[in-house]
Amino acid sequence: MIRLQDITKVYPMGKRELTVLKGININIKQGELVAIMGPSGSGKTTMLNLLGCLDAPTSGKYYLEDREVSHLSSGELARIRGQKIGFIFQTFNLLSRLTALANVELGMTYTGGVDRQRALEALAKVGLSERVKHRPIELSGGEQQRVAIARAIVKNPSLFLADEPTGQLDSKSGEEVISILTNLHAEQGITLVVVTHDANIASHCQRIIHLKDGEIVTEES
Amino acid sequence: MKKWLNFFNTVWLGLSTHKLRSSLTILGVVIGVAAVISLMSVGRGAQASILSNIESMGSDLIIIRPGAFTFGGIRGGTSQTLTMEDAEAIAEQVSNVSLVAPSYSSNLQVVVGSENMNSSITGVTPEYWEVQNLVITSGTFFYEGEYQRGSKVAVIGSNVAETLFGTADPVGQRMRMGGIIATVIGVLESEGGGMPGMSSDDAIYIPLTAMQQAVAQPRTPQGEKVVSTIALTTTDDENWEQTVDDTTALLRDRHRLGPGVDDDFNIMSTQEISEMISSTTETMTLLLGAIAAIALLVGGIGVMNIMLVSVLERTREIGIRKALGARERDIWSQFLIEAALLTFTGGIIGVIIGWGISYIIDSMGVMETLVTLDIVILAVSVSIGIGLFFGFYPAWNASRLNPIEALRSE
């Protein structure tokens, strides 16, 4: 479902150039649960941005569901993000002035339109039916992350991308989030790529890709 | 439909989060629009009142005065070039002329009992009433008989009646002026408004024949009796320009003015006067509007300022929206509509307040004001335009944000 061919990413740093990814080749199948691990500065986040179509590679090819997306315009990339990608961020990234329900509905705003029933179902799926009218500030960290997961679920994306989803959570909330994600995988066969330092998350994954200095060092299954 | 509802929900959220800030931004536009509406309504009101005054003089009137006309409305000299004989010649020789009314005015002390006032007395012929569209409220005009006999009778304006006679009925009362004592036989209907001294409300009319007994009416070296104004009406509204030309030619001939010599009189039709006044007052209205538009411009800059702050503040929100699939166009229109909605709301409130101010000015009797639809449409569309114009840059800025960096911002 995902194919990365010789992906490189170079950032200009003044006169010098910083090569963050050096010829990455990965294949990810439909329904796989993949962890990307590696020390800081290894290129994990850059890779996640590329996978999420937030950024374009300097060279190489990225096929998402057999369509090459590496060199699309920003408008087309936005459309792909809207329809195919569900992001889950370390810092949740909810809009603080919106209720949980409205935050979930925001996930549908730019793709086909808001469907309140589906938003409520998504919140039920992450166990927040009682918290629909609460604003992020009235929710615990774990609950906020679950709202963010519901926001991703609601548009039924082809690919879930999670960036340190438990990084800001205590271990109990972290466990809850992990179990929601693994359940989603088990029940619906979602494809999930998660960037993490957390060995606990990695242990739930089918594949672990280790990055170092912009290269894949090892892959375990 | 649902999509639009959604869209406006988004915009409303943006605005309602900072209610005070949004209100203050709107206030800037409100003040600008209210200033435009009220100032332009003053201009339009002045125009309407002057034009209705001229209208009341009769729309097909041509007025000839002695002296050369200098542009800007200042008449040069006190030359006494127009005569009774000129008036008679016009009546006989110029086609299209229906009535000719020569008159001679002089300032005299008017005494009634213990009251006295300095007033302009005008000696007129009986044609004068019809030429000037005058209407009587009590008593009667004087006609050909009184004129021929030189009867000492007077028709007075409403202000004069009030000043000299108060609430008493002036008809039948006697008033001393210059060398004669005249009996009031009629009081004119008030014209209202108008420029002091030029309205018939302040006038006293006696037969021109009686005038010659009250004051010594000057004569030209040729022995013709001098008049101060000749007013005439045309039989045909359409051809007033031809009538003006014919009359000019006749007078130049009678006054023996060779080619290249300036007219020693000035001739103007009410049409010409109203066209001139219309264009002058329109310029004044636009000038007032332009001054007020500066306030509107300042309001617009306020909108831009706030939108820039708002974009900066919501960088992270923009990043989130982009990650969720918002295109540049979605972000761009969100902020642009936000700005336009601010100024549109300001425009509407401004129109209501401006309208209110102009109503108050009008009802206090300070000045006549007139709010016309074109002013309202202009002010509201300019306010929306300002929102779009000043909202464009901040909105464009927002749409161009890199989603990765935007997501990382605090």
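This is a predicted model: local features need pLDDT of at least 70, side-chain atom pairs count only at pLDDT 80 or more; totals for chains, interfaces and linings use all residues.
User: Which strand of chain B is joined to strand 11 by four bridges, and which way do the two run?

Analyst: That is strand 1 of chain B, covering residues 61-66, and the two strands run antiparallel.

User: Why is strand 11 of chain B described as largely enclosed?

Analyst: Strand 11 of chain B runs over residues 229-234, and five of its six residues are buried, so the rest of the structure largely encloses it.

User: Switching to chain A, what is the strand order in its open sheet of four strands?

Analyst: The order is 2-1-4-5, with antiparallel pairing. Strand 2 (16-28) and strand 5 (67-68) of chain A are at the edges with a single partner strand each, so each has one side without a neighbour in the sheet.

User: How many bridges join strand 1 and strand 4 of chain A?

Analyst: Five bridges join strand 1 (residues 2-13) to strand 4 (residues 59-64) of chain A, and these strands run antiparallel. Within strand 4 of chain A, A:Leu64 is the residue that stands opposite A:Ile2.

User: How many residues of each chain are in contact?

Analyst: There are 21 residues of chain A in contact with 18 residues of chain B. On the chain A side, helix 2 (74-84) and helix 3 (100-109) each supply at least two residues, and helix 2 of chain A gives the largest share, seven residues. Sorted by class, that side of chain A has seven nonpolar, ten polar and four charged residues.

User: Back to chain B, where does helix 12 bend?

Analyst: Helix 12 of chain B bends by about 40° at B:Phe392, and B:Pro394, a proline, follows within four residues. Helix 12 of chain B, residues 373-399, has 27 residues and reaches 37 Å from its first C-alpha to its last, which is close to the 39 Å expected at 1.5 Å a residue.

User: Last one, how far apart are the C-alpha centres of the domains of chain B?

Analyst: The assignment gives domain 1 (2-52 + 276-408) and domain 2 (80-263) in chain B, and their C-alpha centres lie 55 Å apart.

Terms used: Residues are numbered from 1 along each chain as its sequence is written. Chains are lettered from A and ligands numbered from 1 in the order in which they are written. Two residues are in contact if their C-beta atoms, placed from the backbone, lie within 7 Å. Ala, Val, Leu, Ile, Met, Phe, Trp, Tyr, Cys and Pro count as nonpolar, Asp, Glu, Lys and Arg as charged, and the others, Gly among them, as polar. A residue is buried if 20 or more other C-beta atoms lie within 10 Å of its own, exposed if 12 or fewer, and partly exposed in between; C-beta atoms are placed from the backbone. Two strands pair if DSSP finds at least two bridges between them. Domain bounds come from an automatic or database domain assignment. The expected span of a helix is 1.5 Å times one less than its number of residues. The bend at a residue is the angle between axes fitted to the seven residues ending there and the seven starting there.
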